[in-house]
Amino acid sequence: MSDWIDVATVEDFLPNTCRAVTTDDASIVVINLDGRYYAVHNICTHEYAVLSEGKLDGEELICPFHGAHFSVVTGAALTPPAYENLKTYPVRVTNGWVEVDAEAEGS
């Protein structure tokens, strides 16, 4: 079962920015990398920190607390102090809306 959630219109979601989406079960950050969209869990796996409050540097999301880097494409933890990968989520564009599936794990 999928649970697609509207994040923003394509026109309102500027390139190289991110937006946080909260559901009953998850906090997700959706990233627009020059028109390619990705979504990962919004909480750092090292220590509770909201990643959407961190810095986006190319394809990496940097934790605002201790500076751990995560791949927004794969969710991989790239630098210490984080060693556990982030959960990823499917993203699609439908009728001009960027949507994320909060129930399914992406590949």
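**Entry 1. Overall fold**

I began with contacts, meaning heavy atoms within 4.5 Å. In the chain, residues 24 or more positions apart account for 37% of the contacts with a separation of 6 or more. I noted that this is a predicted model, where local features need pLDDT of at least 70 and side-chain atom pairs count only at pLDDT 80 or more, while totals for chains, interfaces and linings use all residues. Residues are numbered from 1 along each chain as its sequence is written, and side-chain values use heavy atoms, with hydrogens and water left out.

I then checked secondary structure, taken as DSSP runs numbered from the N terminus (helices: H or I, at least four residues; strands: E, at least two). The chain has zero helices and 10 strands. Along the sequence I read β-β-β-β-β-β-β-β-β-β.

Next came overall dimensions. The C-alpha atoms fill a box of roughly 40 × 30 × 20 Å along the principal axes. I took the radius of gyration over C-alpha atoms, with the globule rule being 2.2 Å times the number of residues to the power 0.38. A compact globule of 107 residues would have a value near 13 Å, and the chain agrees, at 13 Å.

For burial I used relative accessible area: buried is under 20%, exposed is over 50%, and partly exposed is in between (1.4 Å probe, protein chains only). Of the 107 residues, 39% count as buried.

**Entry 2. The sheet**

I traced strand pairing, which requires that DSSP finds at least two bridges between two strands. Strands of a sheet pair through backbone hydrogen bonds, either parallel or antiparallel. I found an open sheet of four strands in the order β2-β3-β4-β8, with antiparallel pairing. Its edge strands are β2 and β8 (88-89), each pairing on one side only.

I followed β2 (residues 17-22) into β3. The two pair in the antiparallel sense over six bridges. A hairpin of four residues joins them. Arg-19 has Val-30 of β3 as its bridge partner.

I moved on to β3 and β4. This pair is antiparallel too, over six bridges. Leu-33 stands opposite Arg-36 in β4.

**Entry 3. The cores**

I looked up nonpolar cores: sets of buried Ala, Val, Leu, Ile, Met, Phe, Trp, Tyr and Cys residues joined through side-chain atoms within 4.5 Å. The largest has 15 residues, and Leu-51 and Phe-70 have the most contacts inside it. β3 (27-33) and β4 (36-41) each supply at least two residues of this core. β3 gives the most, with three residues. Another core, of 13 residues, lies apart from it and includes Ala-8, Ala-26, Tyr-37 and Ala-39.

I zoomed in on Phe-70. It lies in strand β7 (residues 69-71). Phe-70 is buried, at a relative accessible area of 0%. Its C-alpha atom is 7.6 Å from that of Asn-85, 15 residues apart along the chain.

**Entry 4. His-69**

I stepped to His-69, also in strand β7. His-69 counts as buried, at 18% relative accessibility. Its side chain makes a polar contact of 2.6 Å with the side chain of Glu-60. By the rule, a polar contact is a pair of N or O atoms within 3.5 Å; within protein, one must be able to donate a hydrogen and the other to accept it, and residues adjacent in sequence count only if both atoms are side-chain atoms. Leaving aside neighbours within four places in sequence, His-69 also contacts other residues, among them Leu-61, Ile-62, Ala-76 and Leu-78.

**Entry 5. Salt bridges**

I counted salt bridges, each a side-chain nitrogen of Lys or Arg within 4 Å of a carboxyl oxygen of Asp or Glu. Side chains of opposite charge can pair when their charged atoms come close. The count is two.

I checked Glu-59 with Arg-36, whose closest N and O atoms are 3.4 Å apart. Glu-59 lies in the loop between β5 (55-57) and β6 (60-62) and Arg-36 in strand β4, so the pair ties together parts that are 23 residues apart in sequence. Glu-59 is partly exposed at 40%, and Arg-36 is partly exposed at 38%.

I then checked Arg-92 with Glu-99, at 2.6 Å from N to O. Arg-92 is partly exposed at 34%, whereas Glu-99 is buried at 10%.

**Entry 6. Val-93**

I finished on Val-93, in strand β9 (residues 91-94). Val-93 is partly exposed, at 44%. Not counting residues up to four places away in sequence, Val-93 touches Val-10, Tyr-37 and Val-98. The C-alpha atoms of Val-93 and Thr-9 are 8.8 Å apart, at 84 residues along the chain.
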